[in-house]
Amino acid sequence: MVADPVSACALRSLDAAAKFAKVKAPKVCLQDLKKDGFYKTAHKCLKDDSSLLGRSNLQSALVRQWVQYQEHLLDKKSISSLQILNQGLQDRTYLAGEEITIADFLLYYSLEDTIGELSFQDRESIIHVSRWFSNLQNLLNPGSLSLILSRTKLY
C-alpha cells in the first residue's frame, strides 16, 4: 500500500520525534494512523516522553490545535493559510511555546516542500514561519542545510 503525502508526513514526523526524544522508533500501521488520527497515534508511540505532547494543559491544547490546523486548515498552496501559522509563531519559538512538540515535527514535514518553493518575498511575508522553519531545519538536520532561506546566494 502506497502512503498518501499526508500520511507520509505523519509517519516521518513520528519517526523524527522518536529519534529526537531518544525513544524506540514506533512501528505504525497506516490503517491505525487513519483510524485513530495523528494525535492519538503519537500519544501511543511517545508515551515515554510526554513532553513532546505538551507538559502543561495549555501546551497539550496548543499541540492538538496545531495538529487539527494541519489536518483541516492547512492549504499548502495558499500564502494566506500560512499567515495563520505566522501569527501563531509571532511570540513563540515553537508552536506550543518554548519547547519543541510533536506539532512542530508534523508541520515541519508537511511544509518542507512548500517552503522550498516560495519566493523570497513570500518567505519574508511570513518571517516568523521562516525563522521557525530554519530553526527546526538546523535542529533536525545539523550540518546539512537542505533549504537555503537566505536572500544572498553563496557561490
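Which residues are buried in H3? This is a predicted model, where local features need pLDDT of at least 70, side-chain atom pairs count only at pLDDT 80 or more, and totals for chains, interfaces and linings use all residues. Residues are numbered from 1 along each chain as its sequence is written, and side-chain values use heavy atoms, with hydrogens and water left out.

In H3, the buried residues are Phe38, Tyr39, Thr41, Ala42 and Cys45; buried means under 20% relative accessible area, with a 1.4 Å probe and protein chains only. Down the axis of H3 they fall within an arc of 165 degrees, so they line one face of the helix. That arc is taken from the directions from the helix axis to the C-beta atoms.

Next, the core. A nonpolar core is a set of buried Ala, Val, Leu, Ile, Met, Phe, Trp, Tyr and Cys residues joined through side-chain atoms within 4.5 Å. The largest one has 46 residues, and Phe38 and Leu95 are among those with the most contacts inside it. Helices giving two or more residues to this core include H3 (38–45) and H6 (102–117). H6 supplies the largest share, nine residues.

Leu95, leaving aside neighbours within four places in sequence, is in contact (heavy atoms within 4.5 Å) with Leu62, Trp66, Leu85, Leu89, Ala103, Asp104, Leu107 and Trp132.

Finally, the whole protein. It has eight helices and zero strands; these are DSSP runs, helices being H or I of at least four residues and strands E of at least two, numbered from the N terminus. Of its 155 residues, 46% count as buried.

Conventions: Buried means under 20% relative accessible area, exposed over 50%, partly exposed in between (1.4 Å probe, protein chains only).
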